[in-house]
Amino acid sequence: MASKATYNLTYGLFVITAKDGEKDNGCITNTVGQVTTSPNRITLAVNKGNFTHDMIVKTGAFNASILSQAASFDIFKNFGFQSGRDVDKFAGFGDVVRSENGLYYITKGANSFISASVVNSWDVGTHTLFLADVTEQGVLNGVPSMSYEYYQSYVKPLPKKATKTVWRCKVCGYEYEGETLPADFVCPICKHGAEDFEKIEA
Ligand code: FE
């Protein structure tokens with residue numbers, strides 16, 4: 001059980017947006033935190049497999065829209081479960097405004113936004129950790145922020161009864177069919193590894 005203590009850390013959930021030329025993109029993370037107030041700075045860790053990651057590395061700018069308890073599962077599907085390399089995530093999502101830095105933030109399912117300018121970054125293996133100055137911020141409404149625990153309890157769809165042995169991703173619900181899950185398996189949807197899957201017996 002000790003190895004699961006990190007699951008009890010509290011996290012928020014965020015749509016991270018970036019813009020490279022005419023291309024807008026966004027992804028979901030749970031990894032924004034304020035580290036200093038003067039100067040006002042935040043950190044953000046982004047998986048290197050995300051298209052948004054490459055855009056932040058190139059442009060040095062991102063917005064974090066803070067998801068609220070009004071965010072539907074559709075927002076997670078749109079920004080989290082597909083890649084901006086394949087689709088325009090804003091083609092069917094019009095609830096956006098551009099902040100002073102020219103990047104989108106989302107106005108549906110979010111209660112605030114933060115614009116940030118990267119001042120340093122570190123390669124931390126699977127992710128890049130960015131340290132960034134807050135350049136603009138705004139509160140959109142008073143709906144409480146969505147925690148990762150709230151998402152797990154109330155937003156992620158309830159699993160269907162398994163009819164064969166499957167391994168279910170505890171993060172996004174993706175199901176892998178088979179008696180054994182390869183140790184190096186990576187979830188094709190949320191990119192978490194085999195350690196974040198649980199076996200569901202038929
Ligand atoms: Fe997953």
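Before anything else, I noted that helices (H or I, at least four residues) and strands (E, at least two) are DSSP runs, numbered from the N terminus.

**Entry 1: ground rules**

I am working with a predicted model, where local features need pLDDT of at least 70 and side-chain atom pairs count only at pLDDT 80 or more, while totals for chains, interfaces and linings use all residues. Residues are numbered from 1 along each chain as its sequence is written, and side-chain values use heavy atoms, with hydrogens and water left out.

**Entry 2: Ala91**

I looked up Ala91 and found it in the loop between helix H2 (73–80) and strand S6 (96–98). I count Ala91 as exposed because its relative accessibility is 66%; the classes are buried for under 20% relative accessible area, exposed for over 50%, and partly exposed in between (1.4 Å probe, protein chains only).

**Entry 3: the iron site**

Which residues hold the iron ion? I found Cys169, Cys172, Cys187 and Cys190, each donating its SG atom from 2.2 to 2.4 Å away. Donors here are N, O and S atoms within 2.8 Å of the metal (3.2 Å for Na, K and Ca), and water is not among the atoms, so sites may look incomplete.

Along the chain, the donors of the iron ion are spaced as C-x2-C-x14-C-x2-C. I then checked the geometry: the 4 donor atoms make angles of 100 to 118 degrees, and the site is tetrahedral. Four donors count as tetrahedral if all angles lie between 85 and 135 degrees. For comparison, I jotted down that the ideal angle for four tetrahedral donors is 109.5 degrees.

The structure holds 0 of them.

Next I opened the second largest pocket, which has about 170 Å³ of space. A pocket is an open set of points on a 1 Å grid over the protein atoms alone, where a 1.4 Å probe fits, with protein on both sides within 12 Å along at least five of seven lines; lining residues have an atom within 4 Å of a point. Grid points are joined across faces, edges and corners, and the volume is the space filled by probe spheres set on the points.

Cys172 is one of the lining residues of this pocket, and others include Phe73, Lys156, Arg168 and Glu175. I sorted the lining into 5 nonpolar, 1 polar and 4 charged residues. In that sorting, Ala, Val, Leu, Ile, Met, Phe, Trp, Tyr, Cys and Pro are nonpolar, Asp, Glu, Lys and Arg are charged, and the others, Gly among them, are polar.

**Entry 4: the loop between S11 and S12**

Where does Lys191 sit? I found it in the loop between S11 and S12. Lys191 is not a glycine, yet its phi is positive, about 70 degrees. I call Lys191 partly exposed because its relative accessible area is 30%.

Glu195 is in the loop between strand S11 (175–177) and strand S12 (197–200). Glu195 is exposed, at 53% relative accessibility. Its C-alpha is 9.0 Å from that of Phe185, 10 residues away in sequence.

**Entry 5: a cis proline and two strand residues**

I spotted a cis peptide bond from Ser38 to Pro39, with omega near 0 degrees. Pro39 belongs to the loop between strand S3 (32–37) and strand S4 (40–47).

Asn111 is in strand S8 (residues 110–123) and is buried, at 5% relative accessibility. Ile66, in strand S5 (residues 61–67), is buried at 17%.

Terms used
Four donors count as tetrahedral if all angles lie between 85 and 135 degrees; four count as square planar and six as octahedral if opposite donors are over 155 degrees apart and all others between 65 and 115; anything else is irregular. A disulfide is a pair of cysteine sulfur atoms within 2.5 Å.
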